[in-house]
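This report walks through one structure, part by part. The sequence and the model come first.

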Amino acid sequence: MHMLRKVAVFIMFAILIGAFAISMGGNYYGDRERRQSVATVGSASISPEDFRRAYQRVLENVSQQAGRRISPAEAQAFGLPNRVLQGLIQDAALDLEAKELGVGLSEEGLRRGITSLEVFHDDKGVFSADKYHRFLQNIGYTAPFFEQEYKGDLIRRQLRGVFDGSGVVPKALLEAYNKYGNEQRTLAYFTLTPEAAGAVPAPTEVELRAFYEDRKPQFMTPELRKVSALAISPQTVAKNLTIPDEDLKAEYAAKASVYSVPERRKLEIVPFKTRADADAAYAKLKSGSRDLLGVAKDAGFSQPEIDAGVVSRKELADKFGINDAIVKEAFSTEKGWTSRPVDGPVSTVIMRVLEVVPGQERGFAEVKDQIRADLAKTRAQSEFQRLIKAFEEDRSTGIPLADSAKKLNLPLEEVTIDRSAKDADGKPVTVSVVPAAQLADAAFKSDVGVENEAIRLQGGGYAWFEVADVVKPRQKPLEEVKGEVEGAWRADQVRDRLASRARDLVARLDKGETIDAVAKSVGATVKTSQPLKRNGKEDGVPPAAVAQAFTLPEGGAGSAGAENGTSRAVFQLAKITQPGPLAEEQAKGLEQQLAGAISDDNFSGFLNRITTASPISIDRKAFANVSGGAYDGE
């Protein structure tokens, strides 16, 4: 329902590529001009403009999710045009069904629907006509057009709402889901290592040749792309900046205090409501009749409450919001002494200096590197913007990437890379300007001579790349890969031998031998797994063994190869633990989840029925023209 989806973009609802069960349609019948149709559904017509508007919104939303502009070629590869058209057809069928059933919406209902949208509310939560019209202006809609389409969306929501409570969940279904999801199985198992396969004799030339011929695709070079990449980011710009020593010294002279360590003091501060209270307390301190903790207690404070910690002048002012007079007194009173009363903004305080941590002046040589880093960071941002602008100007005039890099004195990296970010020798490729895996993914979606979208870098900035050449896969002759083929043949033999050995051991378990005795006969040790659910994992227990275990009765046996293919587990189902009844809250949550799924299925069935019941005609040539796809017909 395209209008609701469009509103959702402005109120930050995410739209994902796969979420097009009910897509981006509108009201496809009425008085609008329909001189040409991409498709018709019964008496409803989908015009090229309807499709173009819906398709553009989907492209915008998907690009927003991807963090970059999705190209038309990528959209075609994702199948977006067909998905949008299917959504428009479904919405048109819903419109016709609503008309047939007499489902409608009054003007008052439409008004309430629009004015209830938070996107149109002011700070007080009240509908704002000004925000409403600014919104329409931003999306390029007139009020009557928006209201007509939004009315259609609300009517379709009414049809969908009929199915919201249709999901009835029988108790037996809840119990079945509980059993399926929470039943646990405990396995006794042991592992057959490659040594259990015995000595594998060397293959004959005939065996090696036959193995190679059967698995030729395994022994091909991968397709490679020769790629040039250039990045502009604040970080890379900062690394290449040269800052003269004169600038560093000038920065140090201007901000010497910033690069020094200030004096800090550990203080206790007792506030008094009035100056008279503070003077009376100070008299007691001078006479020795009370100490600072004593007068603090008299004022209603405990020791933790008067502890100001270890602070510098600035920290004291910032932390406690006190005036210059108090700061000056705190940092002029000697260690171990108590200050005289000092008036603050709202109270008078007496302070005690418990400890003094002397400040430290740091010389230029000591902070030179820090100053250089700070200046580089500041200047890099300006230089980054300048380079981005200059580079984009070069691109717009068709200057090749390498020439632009040379002109702007930017490093250009050239790599040869396969789909898995490895080089021709199968070694991982290292690229400093952009993650190698990200570059490989982008390069294999491109081709020679194609101008590509920039890759957004995680730390800020962009990387541009060009595919200079495509190196097609090549079949390696047996002579070139003989050692590799023999290694693969031997691994295959070990797997087959372990599987055969495991079948014999499982047969012995099925005949009643204990798993301890069977394991001992092959020099293995039996282990017991933790209770495992269907998706449970445990080191030493292959996922395939867990899946098998849920098909066996208690005491049943089986075997499964490890994911790395170098070993095999032989197991026996030691125990089946049935789940207890669901707690009330769990049962309620599962029931709601299943009810929602059943409701969705019911609506999908209804939508499929009304869509297939309506005569649908698609003009493939018009569709290809408006979507940018290929048309092979007449």
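## Helix H11 and its neighbour

The buried residues of helix H11 pack against helix H17 (364-396). The model described here is a predicted one. Helix H11 covers residues 245-254, and its buried residues are Leu248, Glu251 and Tyr252. Around the helix axis these residues span an arc of only 100°, so they lie on the same side of H11. An α-helix has 3.6 residues a turn, so residues three or four places apart point the same way.

What does the other face of H11 carry? On the face turned away from the buried side are the exposed residues Glu246, Ala253 and Ala254.

## The largest nonpolar core

The largest nonpolar core is made up of 32 residues. Phe51, Tyr55, Leu80, Val84, Leu85 and Leu94 have the most contacts inside this core. Two or more residues each come from strand S1 (39-41), strand S2 (44-46), helix H2 (48-66), helix H4 (80-101), helix H7 (143-161), helix H23 (584-613) and helix H24 (620-627). Helix H4 gives the largest share of the core, 10 residues.

Leu94 shows which residues meet at one point of the chain. Beyond its neighbours within four places in sequence, Leu94 is in contact with Arg156, Leu159, Phe603, Phe606, Leu607 and Ile610. Another core, of 27 residues, lies apart from the largest one, and Val200, Leu478, Ala488 and Leu505 are among its members.

## A four-stranded open sheet

Four strands form an open sheet in the order S12-S3-S14-S13, with antiparallel pairing. Strand S12 (527-528) and strand S13 (557-561) are at the edges; each has a single partner strand, so one side of each has no neighbour in the sheet. Strands of a sheet pair through backbone hydrogen bonds, either parallel or antiparallel.

Strand S3 (residues 184-192) and strand S14 (residues 568-577) are joined by 9 bridges in the antiparallel sense. Arg185 has Ile576 in S14 as its bridge partner. Helix H20 (residues 482-510) lies across S3, S13 and S14, and its direction makes an angle of about 35° with S14.

Strand S8 (residues 348-357) runs antiparallel to strand S5 (residues 264-272), and 9 bridges join the two. In this pairing Ile269 is opposite Met351 of S8.

S8 also pairs with strand S7 (residues 342-343), again antiparallel, through 2 bridges. Here Asp343 stands opposite Thr348 of S8.

## Two single residues

Is Ser128 buried or exposed? Ser128 is buried, because its relative accessible area is 14%, and the cut-off for buried is under 20%. Ser128 is found in the loop between helix H5 (107-115) and helix H6 (129-139). Apart from neighbours within four places in sequence, Ser128 is in contact with Phe120, His121 and Asp122.

Ala280 is placed in helix H12 (residues 275-287). With a relative accessible area of 41%, Ala280 is partly exposed, because that value falls between the cut-offs of 20% and 50%. How far is the C-alpha atom of Ala280 from that of Gln148? These C-alpha atoms are separated by 79 Å, and the two residues are 132 residues apart along the chain.

How values were computed: Residues numbered from 1 in each chain as written. Predicted model: local features only at pLDDT ≥ 70, side-chain atom pairs only at ≥ 80, totals over all residues. Heavy atoms only, no water. Buried < 20%, exposed > 50% of the residue type's maximum accessible area, 1.4 Å probe, protein only. Pairing = 2+ DSSP bridges. Contact = heavy atoms within 4.5 Å. Arc of directions from axis to C-beta. Core = buried A, V, L, I, M, F, W, Y, C linked by side-chain atoms within 4.5 Å. Axes fitted to C-alpha atoms, helices over the stretch in contact; angles between N-to-C directions.
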